[in-house]
Amino acid sequence: MIEAVKGDITRLHVDVIVNAANSSLLGGGGVDGAIHRAAGPELLVACRKLIGCKTGDAKITEGFNLHAKYVIHAVGPVWYGGAKQEDEFLKRAYKNSLELAYAHGCETIAFPCISTGVYGFPLERAERIAITTIRDFIKIKPLPKKVFLVCFSEADFLVVRDLLNQAETA
């Protein structure tokens, strides 16, 4: 059901790719920039029509030149040491993404590590939230059938894989 994957999220053949977006939805660095480049200029046009997105929320567009039918743009929180409800905002970003995927009938979904790049959220803490939120969601709703937690670096992949293994034995 949930699988850790090392690689480029833009190359996956899934129903929906989640973009770790900023609140403007107009592209940026890291995975956000990679998704915008791979999807093509139509993605930026579609994102402009959405007029931004609040932290913890998510919005959906077509996937354009990606192998995914859709892109869900989820805005995770900037890490301020845990004092500004960062955990709750991150949980909402995952849950709202899953709700959108469910509403659009998506069976396969690929998540990057939301907020763990330039937003500074500690990776292990963020991925524990991601795994718990995804597991709780799929207990209640039948979709998605397969969730990929996609890591660009080997180090991040090893952390996420170990967290998934721990969650399975818990």
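Student: How many helices and strands does the secondary structure of the protein come to?

Tutor: This is a predicted model, in which local features need pLDDT of at least 70, side-chain atom pairs count only at pLDDT 80 or more, and totals for chains, interfaces and linings use all residues. Residues are numbered from 1 along each chain as its sequence is written, and side-chain values use heavy atoms, without hydrogens and water. Helices (H or I, at least four residues) and strands (E, at least two) are DSSP runs numbered from the N terminus. Along the sequence they follow β-β-α-α-β-β-α-β-α-β-α, and the count is 5 helices and 6 strands.

Student: What radius of gyration does the protein have?

Tutor: The radius is taken over C-alpha atoms, and the globule rule is 2.2 Å times the number of residues to the power 0.38. For 170 residues, a compact globule would be near 15 Å, which agrees with the value for the protein, 14 Å.

Student: What percentage of the residues count as buried?

Tutor: Buried means under 20% relative accessible area (1.4 Å probe, protein chains only). Of the 170 residues, the share is 48%.

Student: Which element gives the largest share of the lining of the largest pocket?

Tutor: The lining has 25 residues, with A20, G30, V31, D32 and G117 nearest the pocket centre; lining residues have an atom within 4 Å of a point of the pocket, an open set on a 1 Å grid where a 1.4 Å probe fits, with protein on both sides within 12 Å along at least five of seven lines. Two or more residues each come from β2 (16-21), α1 (30-39) and β6 (146-151). The largest share, 4 residues, comes from α1.

Conventions
Buried means under 20% relative accessible area, exposed over 50%, partly exposed in between (1.4 Å probe, protein chains only).
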